[in-house]
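My notes follow as numbered points, starting with the ligand sites and ending with the strands.

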Amino acid sequence: MNAFPTTDPLLQVHNVTRYYGDRIGCADVSFDLWPGEVLAIVGESGSGKTTLLNCLSTRLAPTAGAIEYRMRDGTMRNLYQLTEAERRLLMRTDWGFVHQNAAEGLRMNVSAGANVGERLMAVGERHYGNIRSTADDWMGRVEIDSDRIDDDPRSFSGGMRQRLQIARNLVTRPRLVFMDEPTGGLDVSVQARLLDLLRRLVADLGLSVVIVTHDLAVARLLSHRIMVMRHGNVIESGLTDQVLDDPREPYTQLLVSSILQV
Amino acid sequence: MPVRLYLNNVGKSFTMHLQGGTVIPVVEKVEFSVNAGECVVLGGPSGAGKSSILKMIYGNYRCDEGQILVTAGDEIVNIASAEPRKVLRLREDTIGYVSQFLRTIPRVSAEDVVAEPLIAQGTSEEEGVDKARSLLSRLNVPERLWTLPPATFSGGEQQRVNIARGFIAHYPILLLDEPTASLDAANRAVVVRLVEEKKAQGVAMVGILHDQDVREQIADRIIDVTGFSAEAAA
Ligand SMILES: Nc1ncnc2c1ncn2[C@@H]1O[C@H](COP(=O)(O)OP(=O)(O)OP(=O)(O)O)[C@@H](O)[C@H]1O
Ligand SMILES: Nc1ncnc2c1ncn2[C@@H]1O[C@H](COP(=O)(O)OP(=O)(O)OP(=O)(O)O)[C@@H](O)[C@H]1O
Ligand SMILES: [Mg+2]
Ligand SMILES: [Mg+2]
């Protein structure tokens, strides 16, 4: 039951740098992420949050630096030295990626149940009845009525689509989930429900999460640790409530003061 | 009784970059220890730095200078330099904190808010909620509120939910920041009894208590924080 029982990090990030031509995306970012830890990346628009998240999740090769990940067998592997097959297996099973725009993370023209079931088939589940019942169970866990299982997500509201995207990602019991502004673009009451759901699922499943958000209240509620980015650099990091309540850097103080209460 | 908490030469100031880099010195050379079963009360006027000291012990504020040593099982941890995950671990099993205000979590019922720290320590959900209900009832929170999220409760009701949450689990060290501020006499008396029970269990407590009555009943020792005033020492 204890937080962070293991002593070995799940992810080790060493001096990750990404340029777009001569423009800096992110520069010299290093950190470790432990099992069960939720890390929030915050900062203004254009500060490099998405660039970093994409580098971490092997969606965008860094210009320099290295990222190591602890595989299920316990070995530490350099992500950019995996074979394409190994990398795809990781992305399909051990990892999740929750996009701000649910349409990017879902298949919009197949049913909700199939969206969830598909990831299960990717990990080798072949029994139709099992797939259907697991999908149904996950629809319940993300609070979608099971009579919507055969509908396709185009008929879902924004909040429902986002919850379905979460179910699709979590059904394979990933160990690490990346999220890019998962509550962005939703209205406030819908956001609160989604956040509460995420908070519970992350704790129940003991997930490690790297979440990009510009909303400090989201970071406060979900994350253990926070990294503040500006112009591609990490300028301050630490325990979430410490950084938010006792910010040290001028930019972090500005960020914290520009919201009324977080 | 063994020492549970030791502050050694602790100093803290705030640099306000948005106000032209003004430095607000808060405290300097803070030095005291707290034994198991003892309740130390921090005294001094508003702004003296009492809450800041509690927040440093909890790892919520950074400690700029000195050490904050905490006994955790058979280990001694310096909060001032501990890694975030170490601090979080200590908050789960070693240091409890009752703040002045409840930070509400959307959609979580009062009884679940209260039970959470106990469940996090490994107690079953059923037993956790049972104990939460009995504490809420001791603190006279009306039963019809237990299953509702506290966001819409009155100030005093929220404060009692907060106290129940702070007292439900066993922490060897417990920090209290004005826990009785918005309570009536009957509920203040409940808090006094809760503190006495913790003392009997050997819990080391540091409290800030403006209420003279409550303070006299529970303080074993009063430390005047103005003695650590950074300006005075300068
Ligand atoms: N494909 C690209 N080609 C060129 N420049 C890019 C590209 N993607 C991002 N950038 C630049 O890199 C910098 C970081 O962008 P990034 O998308 O990582 O920011 P962000 O912090 O996620 O911002 P936002 O909060 O607006 O999503 C920006 O200056 C951006 O213009
Ligand atoms: N996060 C913060 N940022 C900047 N200054 C702060 C912060 N927290 C406290 N201070 C300042 O530090 C000083 C001490 O404040 P603190 O809250 O510790 O006092 P206190 O003794 O608890 O007062 P009270 O009895 O009014 O609660 C005050 O000058 C306060 O304005
Ligand atoms: Mg982005
Ligand atoms: Mg105070």
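1. In this predicted model, a backbone N or O atom of Gly48(A) sits 3.0 Å from an oxygen atom of ligand 1. Tyr20(A) places a polar side-chain atom 3.4 Å from a nitrogen atom of ligand 1, and Arg23(A) places one 3.4 Å from an oxygen atom of ligand 1. On its own, ligand 1 exposes 630 Å², of which the protein buries 59% (Shrake-Rupley areas with a 1.4 Å probe; for residues, only the protein chains shown count as cover).

2. A word on conventions: residues count from 1 along each chain as its sequence is written, while chains are lettered from A and ligands numbered from 1 in the order written. Local features need pLDDT of at least 70 and side-chain atom pairs pLDDT 80 or more, whereas totals for chains, interfaces and linings use all residues; side-chain values use heavy atoms, leaving out hydrogens and water.

3. Ligand 2 has 15 residues around it, with Ser46(B), Gly47(B), Lys50(B), Ser52(B) and Tyr61(B) the closest. Its site is shared between chains, because the surrounding residues come from both A and B. From chain A, a backbone N or O atom of Asp245(A) lies 3.2 Å from a nitrogen atom of ligand 2. From chain B, an N or O atom in the side chain of Lys50(B) is 2.8 Å from an oxygen atom of ligand 2.

4. Finally, please look at the strands (DSSP runs of E, at least two residues; helices are H or I runs of at least four, and both are numbered from the N terminus). β1(A) and β2(A) run antiparallel, joined by seven bridges (strands pair if DSSP finds at least two bridges between them). Tyr20(A) stands opposite Arg23(A) in β2(A). The two strands form a hairpin with two residues between them, and Gly21(A) in the turn has a positive phi of about 65°. β1(A) also runs antiparallel to β4(A), through five bridges, with Thr17(A) partnered by Ala64(A).

Methods:
Near = heavy atom within 4 Å. Polar contact = N/O pair within 3.5 Å; in protein donor to acceptor, adjacent residues only side chain to side chain.
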